[in-house]
Amino acid sequence: MEYIKIRGGKPLEGELNIQGAKNSALPILAATLVCDGKSEIHNCPNITDVDAAINILKQLGCTVENKSNVVSVCTDNANCKEIPDNLMREMRSSIVFLGAIISRCGSAVLSFPGGCELGPRPIDIHLSSLRKIGVKIEESGGKLLCFTENGLKGCEIDLPIPSVGATENILLASVKAKGKTIIRNAAREPEIVDLSNFLISAGAKIFGAGESTIVIEGVKNLKAPIHRVIPDRIVTATYMCCTAVTKGETLLKDIYPEHLNSIIPLFLETGCDINITNNNLHIKAPKILKPIKLTRTGFYPGFPTDAGPTIIAMTCFAKGTSVFVETIFENRYKYAGELTRMGANIRVEGRVAVVEGNTEISGAKVEAWDLRGGAALVVAGLGCSGETTISGLNHIYRGYDDIVGSIKSLSGDISLQSM
Ligand code: UD1
């Protein structure tokens, strides 16, 4: 079994290129299915969730090549409509393949998706939206049997909450549906815009991505495009936290500053100095971090729930009290127990976490229970004194492309060990 070993306290310094966004790459890989020919996706991160998506595409009959962060997907022989249970369980995003397979084949068979355990993660909004576009869905023996009787038809969908995955599924099912689809209360995340841009390059007619109302006019065919995935804003936030807790100074390259509008103010509040030129972000940490008074997670353009765990880990090193309110997921604080083992003082009550910072935090043996919670342990390990070992790396590998090598390149004392 592999684990990460960190000797904390060494300031991070140097430059790092930020990887492509996991949450863009996954729906875009699914979207290759609605295109004819061979799509090329550049800046695709080397992470296990991308591997899982590639396995699904292969299972469906696609020819996939993955070389140096460029994934090419040829759909010429993609005639299979079923995703087996073991592949569905590997990640939650497998559900966005539903809209894509239905669009391509007119029917699909899959089971319920897996993913990080952050509380109940139902797919009711995905299913009710797809039903409106004309998909009949029957549940039998843990499987979802999906088919259309008269093809997919454009319609108007008012989402009860701006679900990222449901918005993606609707986009994928509607791009080649007959007529016009209108999504109201759509998710506005940059990853929705990236998926839409991929589809638009393929010939789709999508208007308003990034706004609350998206209009899709169905087209007959889409031609596989070449596309570059946007940088990962959550990974950017993670390395900003790593820099801050080590009193370091780094240059994070190839970022989109406008995607960090709700993240940067928190770092300014802690006293970090931030300068952005072109698409590079320079961050210099203060000697003593200040606390973050109150942060609530929210749908984009609000503060992203996925950046919460690493930010909370950072505030364990700040002088004073920080308060966080998690509004998206019910059960996101599992990692707080692991941080407590390291000496952190975090009180969790329901969706609220109160961090009393600047306690004596020292290295410990801890375990990652989910992706971003795992990254929070890396942040804490880098900031504290002594040696930290982190197991449960399968969770971290889902979303971070060579986290050990990246931190090493910034002079961090980190290594991969095996038992
Ligand atoms: C996506 C991201 C994930 C991020 C989340 C919120 C990907 C691959 N994952 O997940 O990293 O944490 O957005 O920004 O892009 N909900 C329902 N019924 C549904 C769908 C969602 O009740 O049918 C609820 C969820 O339980 C959750 C909330 O809506 O409480 C938001 O979920 P959603 O935006 O759908 O997140 P995901 O697409 O799963």
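**Figure 1. The loop around P301 in the predicted model.** P301 sits in the loop that links strand 17 (294-296) with helix 10 (308-315). The model shown here and in the other figures is a predicted one. The peptide bond leading from Y300 into P301 is cis. Its omega angle is near 15 degrees.

Figure 2. K247 belongs to the loop between helix 8 (233-245) and strand 14 (249-253). The phi angle of K247 is near 55 degrees, a positive value in a residue that is not glycine. D402 also has a positive phi, near 50 degrees, and is likewise a residue other than glycine. D402 lies in the loop between helix 13 (393-397) and helix 14 (403-409). With a relative accessible area of 48%, D402 is partly exposed.

Figure 3. Strand 11 pairs with strand 12 (residues 214-217) in the antiparallel sense, over 3 bridges. In this pair, K205 stands opposite E217 of strand 12.

**Figure 4. The pairing of strand 6 with strand 8.** Strands of a sheet pair through backbone hydrogen bonds, in either a parallel or an antiparallel manner. Strand 6 (residues 107-111) and strand 8 (residues 143-148) run antiparallel and are joined by 5 bridges. Strand 6 is mostly covered, with 4 of its 5 residues buried.

Figure 5. S39 is part of strand 3, which spans residues 38-42. The relative accessible area of S39 is 0%, and the residue is buried. Which residues is S39 in contact with, leaving aside its neighbours within four places in sequence? They are T32, V71, S72, V73, F198, A224 and P225.

**Figure 6. Helix 1 and its buried residues.** The buried residues are K22, S24, A25, L26, P27, I28, L29, A30 and A31.

**Figure 7. The contact of helix 6 with helix 7.** The axes of helix 6 (residues 164-174) and helix 7 (residues 190-201) come within 10 Å and cross at roughly 10 degrees. Angles under 35 degrees count as roughly parallel, and the two helices, helix 6 and helix 7, are therefore roughly parallel to each other. On the side of helix 6, the contact is made by V164, T167, E168, L171 and L172. Helix 7 contributes I192, L195, S196 and L199. By class, the residues of this contact comprise 6 nonpolar, 2 polar and 1 charged.

**Figure 8. The loop residue E90.** E90 is located in the loop between helix 3 (85-88) and helix 4 (96-105). Is E90 buried, exposed or partly exposed? E90 counts as partly exposed, at 38% relative accessibility. Not counting residues up to four places away in sequence, E90 touches D49 and A52. L16 is 74 residues from E90 in sequence, and the C-alpha atoms of E90 and L16 are 29 Å apart in space.

Figure 9. A disulfide is a covalent bond between the sulfur atoms of two cysteines. The number of disulfides in the model is 0, the criterion being a pair of cysteine sulfur atoms within 2.5 Å. The cysteine sulfur closest to that of C105 belongs to C80 and is 7.9 Å away, which is too far for a bond. C105 is partly exposed, with a relative accessible area of 24%. C241 is in no disulfide either, the nearest cysteine sulfur being that of C242, at 6.9 Å. C241 is buried, and its relative accessible area is 0%.

Notes: Residues numbered from 1 in each chain as written. Predicted model: local features only at pLDDT ≥ 70, side-chain atom pairs only at ≥ 80, totals over all residues. Heavy atoms only, no water. Pairing = 2+ DSSP bridges. Buried < 20%, exposed > 50% of the residue type's maximum accessible area, 1.4 Å probe, protein only. Contact = heavy atoms within 4.5 Å. Axes fitted to C-alpha atoms, helices over the stretch in contact; angles between N-to-C directions. Parallel < 35°, antiparallel > 145°, perpendicular 65-115°, else oblique. Nonpolar A, V, L, I, M, F, W, Y, C, P; charged D, E, K, R; others polar.
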